Amino acid sequence: MAENETQALFEQEEDTQKGKYLTFTLGSETYGIEIMYVTEIIGIQPITEVPELPEHVRGIINLRGKIIPVMDVRLRFKKQFREYNDRTCIVVVDMREISIGLIVDGVSEVLAIPDTEIVTPPDMSKNNNKYIKGIGKVGNEVKLILNCHKLLNDEEADSLLNI
Amino acid sequence: MSNRYISEPMLEMYIFETTQNVEQLEKCILDNEKCSSYSKEAVNEIFRIMHTIKGSSAMMLFGNISSLAHQIEDLFYYIREQNPQFIDCSALSDLILEGIDFIKVELHKIKNGEEADGDCQELIGQIKQYLSHIRQGSQEELAQEKETGHKVQQYYIASGKLNITASGNYYKAVIYFEDGCEMENIRAYTVVHNLKEITEDIFFIPEDVIDKDDTVQIIREKGFIIYLNVDKPYEEIHEFFMQTIFLKALELEEVSQEEFNQLKRPKHKVVETSPIKVPKVEVIENKEAEHRETVSLSANQSIISVNVNKLDKLMDLVGEMVIAEAMVTQNPDLQGLSLDNFQKASRQLRKITSELQDMVMSIRMVPLSTTFHKMHRIVRDMSKKLGKEVNLKLIGEETEVDKNIIEQISDPLMHLVRNAIDHGLETTEVRQQLQKPKMGTVTLEAKNAGSDVLVIIKDDGKGINKKKLLETARENGLLTKSEDEMTDKEIYNLIFLPGFSTKEAVTEFSGRGVGMDVVIKNIEAVGGIVSVDSTEGIGTVVTIKIPLTLAIIDGMNIRVGSSRYTLPTTAIKQSFRPKQEEIITDPDENEMIMVRGQCYPIMRLHKYYGVRTAVTDFTEGILIMVEQDEKTICLFADELLGQQQVVVKSLPNYIKETKHITGLAGCTLLGDGSISLILDVGGLISNHG
């Protein structure tokens, strides 16, 4: 009985989270990330560098006793590094037991984008859009929906290792 | 669905309990075997444990375990009741240990989510045979035996063959109510009340169900036990009980009239004598377990089992609190103010937090005795199979070590003990020729040494033949150095190389040359060191040095540029500021330093980790000489920040998966909340070399 209820609650919770995206900015673009992955948003913190890591993994931070890695999404997308300021945020996402902080220029809002308003990205010959799962239309604006798994799993590194 | 909901935590509990029981049983048997007779208490104990296992296994629908336990229970029931004089103790032990092994294997299957599908028919057959054997051997009246045998077989509802219509039957019923149905005592009373309509001859445990509130707890944990005398057949009684509301499980069995009467009169003794009353919850097998017979129920309940994850979480929180405390008491806002009362209060706070921290640490510490006692079984089995007489001596088994470490060293210890018996000790005949005591001795010793624990495995066997060792190493091409240059220690350490075995014949237990390699890997995984020493003809000593805990180390914090690193203090030999003329640079630009006539390589940490720093001149920074495995290196850092105990945290999984960083053992939080990386000296040295 009890399990049924929790199951129901869980589903409900999942339902309310479905179709909602946290949007953040990187330069002039707005990106969206599924809200179910997001645990919290914090301001920029002192980052401890860890040697020998790829450039976009900036290091580790102390999140209330839990040590999590932080990734600069700008660098991940091969954009130019920008000095952190008070608008810079760390979006802590939790995926498959892995917590990681994403450094973004600024967080905008939580938006509900129905599936019908999301289109698959155009097939570009260049490999650039592999992090983008879809393109959401909100009014006149366009939000790029990120594929979290791709973001975290470094396929480049893997493929390099395989060679 | 609701079935699954119930069975998950129950299954966990079942596995836990049964594992404990089996361990207890094993120990009990081994203890008794040593004095080659089974004491009355031991028989009772085994009977009780088997009964518990049988009951809970039947409840969890593990038929094979249950029927095996049932058979062993039968056997001990007979022994207990008839007290036969002619028991072949060692055969009995073999049989029971085989049974234990079977249950262990099945438990393992259950743990891994597999079907417990082992076949125990053969074993049951053996036990039956043994039982009939001792029956014939004893001079008891046959008629009585028949009755016992008859009764025993009709014992249990799960076996499904019940048909007794004789009047005046005595029954024992144990009722378990569903979890969370509340008011178990009142429900129990209702059952008794209903029963009074059919019979007057009832008594039940716990008594005073209505008057005392704590009975609820007892009923929840152990079930409600009713003894009754009624002239109804088994089925009818069973049906009667099955009508009980919120019934989760029912154990109904017949008891003899004597047992009934005996239990009925001295009601207070029921707790000790009733075989059902044993589902004990024991977390740690400690010394108390040895005195189990005398331990009262209340003492058992003072131990609870806690999920290790919760402990880890608690430790994290305490660590956080220590940092928060420093942030408050050393707040920059307070600087320059003289606040007497604040200082007093903060001192108090500091005292409490440090006590709390010690306490949390001590929770994770577990005595080594469980691991040590497991060796008894190995020694026993091996001495039987190999025909060597072995005496296992345990010293310092009460030494406490972090739980994680215990899990890691159990397998290596087993290997080493096996090796000691198989390779180390000579056969009895050879020993006699050599005028050594007939019985070989293997000593297992544990002791504290600073922040380390030493575990020593010593045998008085033939020792290691250095020549033979070197020969084998040469044949297998494992020598990297000229033989003359090797120290004794280096020679002995050859046995840890993979694929190394001087044993001519591979036996069931050892000699394949894989063991020692695994031993050293496991020990090194927990930051331990293994060393071997041996004297030919006198024996071999293997010493394992393991850290007391993985969670806390004494560390020296150093700074390089804006990064901070922590070095384990145990690895540091000295730190000093060099003079320019002591530095030597070879043509390959490798820097070295001469200290007291010895030359050591220098590693610039800022270069190694690519950290920007203003301090690149040796005379401005500091050199720290570190040593591991007899290799020494000097690390160059900007400055020393000071020494402190640090809580070791592993690097986030994401980073570990992305790249394996050599030379980093983990990270830790410093007093000001910043993160410091813990350097792995061994990794640094091997990387530099």
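Figure 1. Of the 163 residues in chain A, 27% are buried; a buried residue has 20 or more other C-beta atoms within 10 Å of its own, an exposed one 12 or fewer, and a partly exposed one a count in between, with C-beta atoms placed from the backbone. This is a predicted model, in which local features need pLDDT of at least 70 and side-chain atom pairs pLDDT 80 or more, while totals for chains, interfaces and linings use all residues. Residues are numbered from 1 along each chain as its sequence is written, and chains are lettered from A and ligands numbered from 1 in the order in which they are written. Chain A holds four helices and eleven strands. Helices (H or I, at least four residues) and strands (E, at least two) are DSSP runs numbered from the N terminus. In chain A, 52% of the contacts between residues at least 6 apart in sequence join residues at least 24 apart. A contact means C-beta atoms, placed from the backbone, within 7 Å. Chain B has 24 helices and 22 strands. Buried residues are 32% of its 689. In chain B, residues 24 or more positions apart supply 70% of the contacts with a separation of 6 or more.

**Figure 2. Tyr21(A) in strand β1 of chain A.** Tyr21(A) sits in β1, residues 20-26. Tyr21(A) is buried, with 24 other C-beta atoms within 10 Å. Ile33(A) lies twelve residues away in sequence, yet its C-alpha is 5.2 Å from that of Tyr21(A). Leaving out residues up to four places away in sequence, Tyr21(A) touches Gly32(A), Ile33(A), Glu34(A), Ile35(A), Leu111(A), Ile113(A), Gly136(A), Lys143(A) and Ile145(A).

**Figure 3. Two loop residues with positive phi.** Most residues other than glycine have a negative phi. Glu52(A) has a positive phi, near 65 degrees. Its place is the loop between β3 (38-43) and β4 (57-63) of chain A. Glu52(A) is partly exposed, with 15 other C-beta atoms within 10 Å. Arg596(B) also has a positive phi, near 45 degrees. Arg596(B) falls in the loop between β16 (591-595) and β17 (598-604) of chain B. Arg596(B) counts as exposed, with 4 C-beta neighbours inside 10 Å.

**Figure 4. The α2(B) and α3(B) pair.** Helix α2 (residues 40-59) and helix α3 (residues 63-82) of chain B cross at roughly 155 degrees, and their axes come within 8 Å. The two helices are therefore roughly antiparallel, the term for angles over 145 degrees, whereas under 35 counts as roughly parallel, 65 to 115 as roughly perpendicular and the rest as oblique. Axes are lines fitted to C-alpha atoms, for helices over the stretch in contact, and angles run from 0 to 180 degrees between N-to-C directions. α2(B) passes α3(B) in a left-handed crossing: the near helix is turned anticlockwise from the far one by less than a right angle, and clockwise would be right-handed. Residues of α2(B) at the meeting include Val43(B), Phe47(B), Met50(B) and Lys54(B). Those of α3(B) include Ile65(B), Ala69(B), Ile72(B) and Phe76(B).

**Figure 5. Helix α4 of chain B.** α4(B) runs over residues 89-111. At 1.5 Å a residue, its 23 residues should span 33 Å, and its end C-alpha atoms are 32 Å apart, which agrees. The expected span is 1.5 Å times one less than the number of residues. Buried residues in α4(B) include Leu92(B), Leu95(B), Ile96(B), Phe102(B) and Glu106(B). Gly113(B) follows α4(B), with a positive phi near 75 degrees.

Figure 6. The 22 residues of α17(B), 403-424, should span 32 Å, and the end C-alpha atoms lie 30 Å apart, which agrees. α17(B) bends by about 35 degrees at Ile409(B); the bend is the angle between axes fitted to the seven residues ending there and the seven starting there. A proline, Pro412(B), follows within four residues. α16(B), residues 369-386, packs on α17(B) at about 25 degrees, with the axes 10 Å apart. The pair is therefore roughly parallel. α16(B) passes α17(B) in a right-handed crossing. From α16(B), Met375(B), Ile378(B) and Met382(B) are among the meeting residues. From α17(B), Leu413(B), Val417(B) and Ile421(B) are among them.

**Figure 7. Glu429(B) in helix α18 of chain B.** α18(B) covers residues 428-433 and holds Glu429(B). Glu429(B) counts as exposed, with 10 C-beta neighbours inside 10 Å. Lys388(B) is 41 residues away along the chain, and the two C-alpha atoms are separated by 9.1 Å.

Key:
Two residues are in contact if their C-beta atoms, placed from the backbone, lie within 7 Å.
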